[in-house]
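Here are my notes for a first look at this one. Have the viewer open as you go through the points.

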Amino acid sequence: MAKLLVITGLVQGVGYRASFEAQARALRLSGWVRNRRDGSVQALVRGEPDALEKIVAWSRRGPAAAVVSEVTVTEADDASVPENRFDVRPTA
């Protein structure tokens, strides 16, 4: 099972990607996270349903310095997610 998340608000320059990566690794999720040029953060994650629910819940709060306005979650194709690793990707 995989999910694509788009997180908006004050989510760049506050350690959001690094914190998201740490949470995803702790939950044993595969995928990636990156900043987007529009100021949002985008993440593609794959894993067990319970772990996905936890990362979505965490993403609505983010790290202490973040101010999350909205998290959009859509289903994603498992095949598009890197297997057994989690990466921080360059801004797109």
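**Notes on the annotated pair and the core**

1. Start with a side-chain pairing: glutamine 42 and arginine 34 make a polar contact through their side chains, at 2.8 Å. (A polar contact is a pair of N or O atoms within 3.5 Å; within protein, one must be able to donate a hydrogen and the other to accept it, and residues adjacent in sequence count only if both atoms are side-chain atoms.)

2. A word on the basis: this is a predicted model, where local features need pLDDT of at least 70, side-chain atom pairs count only at pLDDT 80 or more, and totals for chains, interfaces and linings use all residues. Residues are numbered from 1 along each chain as its sequence is written, and side-chain values use heavy atoms, with hydrogens and water left out.

3. Back to glutamine 42, which sits in strand E3 (residues 41-46); helices (H or I, at least four residues) and strands (E, at least two) are DSSP runs, numbered from the N terminus. Glutamine 42 is buried because its relative accessible area is 9%, and buried means under 20%, exposed over 50%, partly exposed in between (1.4 Å probe, protein chains only). Leaving out residues up to four places away in sequence, glutamine 42 touches, among others, Leu4, Leu5, Val6 and Trp32; contact means heavy atoms within 4.5 Å.

4. Which residues does UniProt list for "active site"? The unreviewed entry gives Arg17 and Asn35. They are spread over 19 residues of sequence, yet they cluster in space, with a largest C-alpha distance of 7.5 Å. Bear in mind that UniProt positions are in the numbering used here, feature names are shortened, and annotations may be inferred rather than shown by experiment.

5. Now look at each of the two. Arginine 17 belongs to helix H1 (residues 16-26) and, at 27% relative accessible area, is partly exposed. Asparagine 35 is in strand E2 (residues 30-35) and counts as buried, at 10% relative accessibility. Beyond four places in sequence, the contacts of arginine 17 include Asn35, Val41 and Val88, while those of asparagine 35 include Arg17, Val41 and Pro90.

6. Finally, the largest nonpolar core has 20 residues, and Leu5, Tyr16 and Phe20 are among those with the most contacts inside it. (Such a core is a set of buried Ala, Val, Leu, Ile, Met, Phe, Trp, Tyr and Cys residues joined through side-chain atoms within 4.5 Å.) Strand E1 (2-10), H1, E3 and helix H2 (49-59) each give two or more residues to this core, and H2 supplies the largest share, five residues.
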